[in-house]
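Please keep the structure in view while reading.

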Amino acid sequence: MRLFVLVGVLVVSSVMRGQSEPVHGLVGLRPLPRTAAMDHSHNHGGSWAGTPTYAEQQGNYPFVAEHLDVVKDWLDGDFKTRKVFFEHYWGLDAKRDDLDPQKNLLIRTIRNWESKGGEVVHILICREYRLAIQRGYTDALPGPFKEDTRILYEKDVDDIRALFKAAHEQGLTKFDNYKLIMMVEHPSFFAEDERFLPIMEKVEGIAYESHQFNRHWPLESGWSKPEPVIKGAKWTLEQGKEYIFYYGPIRYQPRRHPGIERQWLETYWERGLPKHHPRMHYYLNTFPHESARQRPVGPETDPDSTLGFTKWLIEEIKQPGRSL
């Protein structure tokens, strides 16, 4: 009798633990433009002057505000989450990468968000030397692989880990380590070349940027065509690591391509991109590039707005019974 009761308790406990385990990853958002003062002076894919802002939608996105998991570069909106992610470029110049925690830009960035009550969840990190050179960083250098120059050297990661530890010992940061997510350029090189394995062991995961512009267009033949993207994502999860599908910027052409932002994601899922997996995260990078400058930010009740699209994605990822 006692054995029966004990077995029953163990079974019930196991079920309860199973119910508490996450069945999906995180949904994140890069909200741009945030306010006119902060972002209307930007010029990326065309002038951002006069484009809709998130500040103008205050009170108009209660569902997204409640259910968004992670936000980038802005804790002043309606979002309830205090979890943040950010991008960081390593290898642009020696001053930025100074290994003295008091002088290092990465440590200053972490301190900035933690001082505002933010919890740094993911740091999307890479070498971005081509873009950097165009922006005046003449000493920027590529990573070790010509196939994907964004990938860091092993020493880069070791230096950053040591930097984290030293910063915490000096009381500059809350923790002595943070999740480094390698932001890659090629959708599957990292999953195909064994030279990358030692680096993969040193980071917590991979982030792949899937745009709808330039060489990424169209979906079936562009840089982000489904097969290599899916291969890279599945391989990453098989290694026990996290994968961030960093989606955007996305087009806004409601007459020529209505619903194109949803169609691409649905195609990826139909072809096999993991949708509901605890280490598979979907972060939206919906800044106003070219046609996207015309997309309304909100309200979330408008399915064609950025917040309406974000609401749809949250429902798709965090309510697994809906589809796929």
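Contact here means that heavy atoms lie within 4.5 Å of each other. The model is predicted.

## Helix H9 and its surroundings

Helix H9 covers residues 226-238, 13 residues in total. From the first C-alpha to the last, H9 reaches 18 Å, close to the 18 Å expected at 1.5 Å a residue. The buried residues of H9 are Pro226, Pro228, Val229, Ile230, Gly232, Ala233, Trp235, Thr236 and Leu237. An α-helix has 3.6 residues a turn, so residues three or four places apart point the same way.

Against which elements do the buried residues of H9 pack? Three of these partners are helices: H7 (189-192), H8 (197-200) and H10 (260-271). The others are strands S6 (205-210), S7 (242-247) and S8 (280-284). Just after H9, Gly240 adopts a positive phi of about 80°.

## The packing of H9 and H10

Two packed helices are described by the angle between their axes and the distance between the axes. For H9 and H10, the angle is about 65° and the axes are 10 Å apart. The crossing of these two helices is right-handed.

On the H9 side, the contact is made by Pro226, Glu227, Val229 and Ile230. H10 contributes Thr267, Tyr268 and Arg271. Sorted by class, the contact of H9 with H10 has four nonpolar residues, one polar residue and two charged residues.

## The nonpolar cores

The largest nonpolar core has 70 residues. Which residues have the most contacts inside this core? They are Ile123, Tyr243, Phe245 and Leu273. Helix H11 (residues 306-318) supplies the largest share of the core, namely six residues. Apart from this core lies another, of 15 residues, including Leu124, Ile181, Met183 and Tyr246.

The surroundings of Phe245 can be listed, leaving aside its neighbours within four places in sequence. Phe245 is then in contact with Tyr208, Ser210, Val229, Leu265, Tyr268, Leu273, Met280, His281, Tyr282 and Tyr283. Val229 is also one of the buried residues of H9, and Tyr268 takes part in the contact between H9 and H10.

Glu242 lies in strand S7. Is Glu242 buried or exposed? Its relative accessible area is 11%, and Glu242 therefore counts as buried, since the cut-off is under 20%.

Neighbours within four places in sequence are again left aside for Glu242. The residues in contact with Glu242 are His122, Lys179, Glu204, Gly205, Ile206, Thr236, Arg279 and His281. Among them, Thr236 is a buried residue of H9.

## Cis peptide bonds and positive phi values

A cis peptide bond joins Gly248 and Pro249, with omega about 0°. Pro249 is placed in the loop between S7 and H10. The peptide bond from Gly298 to Pro299 is also cis, and its omega is near 5°. Pro299 is found in the loop between S8 and H11.

Asp73 has a positive phi of about 65°, although it is not a glycine. The loop that holds Asp73 runs between strand S2 (70-72) and strand S3 (83-89). Asp73 is partly exposed, with a relative accessible area of 22%. Glu290, another residue other than glycine, has a positive phi near 50°. Glu290 is located in the loop between S8 and H11, and is partly exposed, with a relative accessible area of 42%.

Conventions
Residues are numbered from 1 along each chain as its sequence is written. This is a predicted model: local features need pLDDT of at least 70, side-chain atom pairs count only at pLDDT 80 or more; totals for chains, interfaces and linings use all residues. Side-chain values use heavy atoms; hydrogens and water are left out. Helices (H or I, at least four residues) and strands (E, at least two) are DSSP runs, numbered from the N terminus. The expected span of a helix is 1.5 Å times one less than its number of residues. Buried means under 20% relative accessible area, exposed over 50%, partly exposed in between (1.4 Å probe, protein chains only). A nonpolar core is a set of buried Ala, Val, Leu, Ile, Met, Phe, Trp, Tyr and Cys residues joined through side-chain atoms within 4.5 Å. Axes are lines fitted to C-alpha atoms, for helices over the stretch in contact, and angles run from 0 to 180 degrees between N-to-C directions. A crossing is left-handed if the near helix is turned anticlockwise from the far one by less than a right angle, and right-handed if clockwise. Ala, Val, Leu, Ile, Met, Phe, Trp, Tyr, Cys and Pro count as nonpolar, Asp, Glu, Lys and Arg as charged, and the others, Gly among them, as polar.
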